Amino acid sequence: MTATLTQHAEGVRSPAEIRRSRVLAIVYLVLAVLVLVAFGFGSEGSATFVLSRPGDAIQVGSPTIPGSGLAFVVSAVLAFLGARQWMAGFGSRTNLVLAIGLGLVAFSFLAWAADGASFSLVGLLQEAMKRAVPITFGAVSGLLCERTGIINIGIEGMLLAGAFTGAIVGSTLGAAAGMIGAALVGGLLAVLLAVLTVKYRVDQIIAGVVINIFVLGLTSFYTSQFLVENPALNNAPIMRAFGIPILSDIPLIGPVLFDQNIFVYGMYVLVGVTSFALFRTKWGLRTRAVGEKPRAADTVGIHVFRMKYLNVIMGGLVAGFGGAYFTIGSVGRFDENMTAGRGFIGLAAMIFGRWHPVGAISAALVFGLADSLQVKLGILDTPIPSEFLAMAPYLVTIVVVAGLVGRSRPPSDYTAYVKE
Amino acid sequence: MTDQLTPSEVEPEPPEGSFFGDLTGSGRIDWRSNVLIPALAILSALIVGALIIALGDLDTLRLWRSSPGDALGVTVETVADAYGALFKGALGSVNAISETLTRAAPLILAGLAVAVGFQAGLFNIGANGQMLIGGMFALVIGFQFDLPIILHLPIAIIAAFIGGALWGAIPGYLRAKTGAHEVITTIMLNFVALRLVDYWLTIPFFQLEGRTDPVSKSVLESARYPELIAFINPRYRVHLGIVIAVLVAVGVWWLLFRSTIGFEFRAVGANPDGAKYAGMNVVLLYVAVMATAGGLAGLAGGDQVLGTLGRGTPGFVGVIGFDAIALALLGRSHPYGVVAAGLLFGGLSAGGQAMQATTDVGIDIVQVIQALIIVFIAAPALIKAIYRVRAEAESTQVSQGWAT
Amino acid sequence: MKLELKGITKRFPGVVANDHVDLEIETGEILCLLGENGAGKSTLMNILYGLYSADEGEILIDGEVQHFAGPGDAIAAGIGMVHQHFMLVPVFTVAENVVLGVEPTTTGGVLDINEAREDVRQISNQYNLAVDPDAVIEDLPVGIQQRVEIIKVLFRDAEILVFDEPTAVLTPQEVDEFFKIIDKLKDDGKGIIFITHKLKEVLEVADRIAVLRRGAVVGSADPATATESGLAEMMVGRPVDLKVDKSEADPKDVVLSVKNLTVTNLFGGTAVDDVSFEVRRNEIVGIAGVQGNGQTELVEALTGLREIAAGTVIIKGEDHTNSTPRQIHDSGVAHVPEDRQRSGLVLGFSLTENFVLDSYYQKPFSDGIKMDWKRSRSEAERLIEEFDVRTPSSEIPASNLSGGNQQKVIVAREFGRQVDLVIASQPTRGIDVGSIEFIHERIIEERDAGAAVLIVSTELDEVMALSDRILVMFDGKVVAETKPSETTNTELGLYMAGAS
């Protein structure tokens, strides 16, 4: 079906568009009431946000913000946004406005949770950055595959396999070998995914789920089979944070962005390189052509299958390396199912980021923040049960996927390509 | 010459057939793809599983370097012991069979939950979460009310179904209304359900009095599944659950292949655009399919709570919901195939437990073998290539990407 | 350069697509390859282009045997192809599409898009194609997209250009422009293979004609002496009546009344813009227009598949604005959808299941809860008989049928019950002449039995042959209303291009 190309300018909004706008407006209003009631009347004192660490070269003051006052302001802003959304909508800026609105809610929430205490904002953001690492690697892995027309639901399994390999190889041969090993194992699983989906035309989702179950079973089996008895095999060196000279001295930004470990820096490099390569190089053009319209690529002599294999395997390498973060980059030891859904959250970040590496890392930071909030809030004495805080990243994922998938067009034709 | 078109004249897209075309229609049975290939897939999975067991034995791996002959002997012995124990634990005694049937019941029900989704083109990975919520619903009825068994048990079972159905309907609704892919939403809801159950088990309404660890009150006897052969030996745990599971499978078969709503389920699964064109309400159908699937999973959770366990504990369904995916694929999404696959997996589970108890091989290997079975099942071409079986070439396509 | 195909044979399961085909072409001439849908033209060209490999026979260029493992080899040998369904990446720019596969790069594989742009501009100027290298393909009309395909082929220095049904998507005026372009290409020393099933065009441009039927070359003709009816007979294998027989229309009461209908597309643009018309009993109204001018959305809105933003749809005096597809079906409307494989059929379902697809919930097929498969099957067998569907049984999947027979299944299902309004979209797209004739006859029978009929087709000849009244759609609006007896293809073509 060819969609009609004529785009009449402003004016007519489709009935579906209007409905969606109304729903969103109601969400704003509900949030406004919630913020007002829960945080506005629920806060008594003020929260102090700490912006520097004790050892930082340049110290910045720690602002103290009254929880209820902030909540009243935020609530008013939300009510305004809701009204505006109901009347006219925000057009192409809808997502951005929504993100800002949710950011305000989160800020107000923090002020309420840290009521009467001081809270290290720099610590929170630093943690968020770290926790964005596996999600970003997962998302970039996903988009490498998807840009070439393969859905990779197996990212979760690739991350887990990377974590496991990182632990064992890291414990025996050192951290560098652990990272390389983790990437290779991810690549190996990607070969399986590629063979199943490209050669045998297995449903892509089934193939990915198979990888997840297989890796979960295998790593659990080997963990109980020999890691438990040989703790020396499960004690990988942990990569330490190191500051980048000068940059790390910038207040707030320095410690958050430039005093991190190799995985965080690797994430920056990954996003930069893939962004450039996808949109500025011959390889990128061909990759996107194969994903968008494989037959068109085939008829100009591009080897469609070869491109798919290549990109899926690269995606596997990326996910495997990202998986090593869980062990080498974080705690050093492997636990059963320690990825806990991060691969799927990575997929959501990929969609939220509209299949662009920069979008993916931005979305991953949102998830990273949700993730780190539950850790940091555990320290504060909030009336919210910890189980509910632990649900937050999953709920955010559902909201993101539900809110955006229908409206963002995936860049690919996902049906198995059949060469004539 | 026939009137058929050459492939080039037909539109280039591969036909979006229903999931496993040969079984979903009017019951044509192709023994090759429905019996021989699954059997070969299981065999292949066991062989690869043996290799994995061998690799997990570090001491023997070291032995390979000094004395390969002995190492081979030890390896063969390890694998043979493990599989021997597995087999004995599954079928070797009345108790083994009782265990197999006990474990098969929730697997069959959860497998049906996945299979119904497949038939309707939806990939329900959320059976675990649906089981948890269904189980908790059954639990509340089970300990909170004191009724005669004739009322109490049926109400508890219905509650399990409703709980699962509600939890399952959420991703169905999200998929239909927003296009959110059910694979992601169901996985996320699994985690949410897990946390929710953790939380519930710590509040006084659920928690067993006098306990600090998360254990629920026990289901009253009047809401428990009666044990079937405990009169022979009280050790034999097999209960009414397996009977219910098989009856439900028959019901699901009728629903899918004999009822109008089943026709709608299969139509929306095979071609959502076609279903919409034919006047079916696709939004409602997605919700109905996922609610039905969730309800079936809820029954599986109910089986755990009202039957095998008698109470709720954290994550009381284990990984049954994931095993269910493998067994739905093995059973080719057909209710009777699911029953057969459920019995097999029940045997693997019971046998795996016995194997773990008597040998050095852990029960997690069962999950690995199950994943391998799906690899081989999902790629029939692979099996055909390995064993040179001739059968209709087919590819499994249930998903069409992210867009609705 | 001289290209020869010798003894090309290609078999697919159950069918010989090409049966010892011999063909030759030299640069500087236009060879027309004539054949109806399913005759094996596309298969033959896909073999030539390296997409298929032949079971027997060989391809020679200047007497040397060629082995094409893929399109890359064919391109390198100087063969270029413009496919019927354009092989362009919709989100890429013209320049990106043109260079795809042979990209100019600077160091490290970085794209040199400026050079690509310059090359496109140069070829575009040389042949007066007027294509902007920076335009995004999905924003371009099909006529321009076709020129992009031509630039793509020329950019690769093709000597022999193959055009597969190039005029199917064009207005008559665009067809004329296209003929000028290929004449210029011929004068520049290119060889052209022009694949079509349209007789008039063949006579207009060909230097030589080869006719393909059921996979074999059944004859050749000289355009100077050949006639349309002679070519038609050669193509189909029997005398063909090129005119549709029908009596004068006698329109009665209004069945479908559309007032000020406005429909938006997925992206919020206006697809159907303030359209009003009526269709009466015993009347066939045809809607002509280039694909993508709102016809699809119009039909979807009328049949309940797409939400109506403004205006009303009245069927038999009842308001059916935004009714569900089922309510519209139940009010006596038959709908033959535009895309039989995407929405008209469930390909994996048996014919029986497809025959009951939109009335399964009613008697006699079910009691609303339990399906009556026995009854459904006997009904299916009746329809197979009545509508001449060629199938071994009612229980095989619809995917096993040819396009023409699939379309007959849909027509049988929709016309098999009493209806007051027929809405048929592209009723004969891509099917063989026998099936076309059959379906046209059934549509006229429906009219004569008292139904109101609305036909939407991008085939101008079909609209002219079937309609009692013609509406032309352009850019979402009805821009003209006329009758076949009062207009010509040329005039309609102008309307289709937006003139009013």
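A residue counts as buried when its relative accessible area is under 20%, as exposed when over 50%, and as partly exposed in between (1.4 Å probe, protein chains only). The model is predicted, so local features need pLDDT of at least 70, side-chain atom pairs count only at pLDDT 80 or more, and totals for chains, interfaces and linings use all residues. Residues are numbered from 1 along each chain as its sequence is written, chains are lettered from A, and side-chain values use heavy atoms, without hydrogens and water.

In one of them, A:R342 meets A:D371 at 3.0 Å, N to O. A:R342 lies in helix α13 and A:D371 in helix α14 of chain A, 29 residues apart. Both A:R342 and A:D371 are buried.

C:E395 and C:R377 form a salt bridge at 3.5 Å, N to O. C:E395 sits in the loop between α13 and α14 of chain C, while C:R377 belongs to helix α13, 18 residues apart. C:E395 is buried, at 15% relative accessible area. C:R377 is partly exposed, at 39%. Shared partners also join C:E379, C:R382, C:E386, C:R442 and C:E445 into one salt-bridge network.

Between chains B and A, contact (heavy atoms within 4.5 Å) involves 57 residues of chain B and 56 of chain A. The count of salt bridges there is 0. The side of chain B that touches chain A receives the most from α8(B), with 12 residues. Helices here are DSSP runs (H or I, at least four residues), numbered from the N terminus.

Technical notes
A salt bridge is a side-chain nitrogen of Lys or Arg within 4 Å of a carboxyl oxygen of Asp or Glu. Helices (H or I, at least four residues) and strands (E, at least two) are DSSP runs, numbered from the N terminus.
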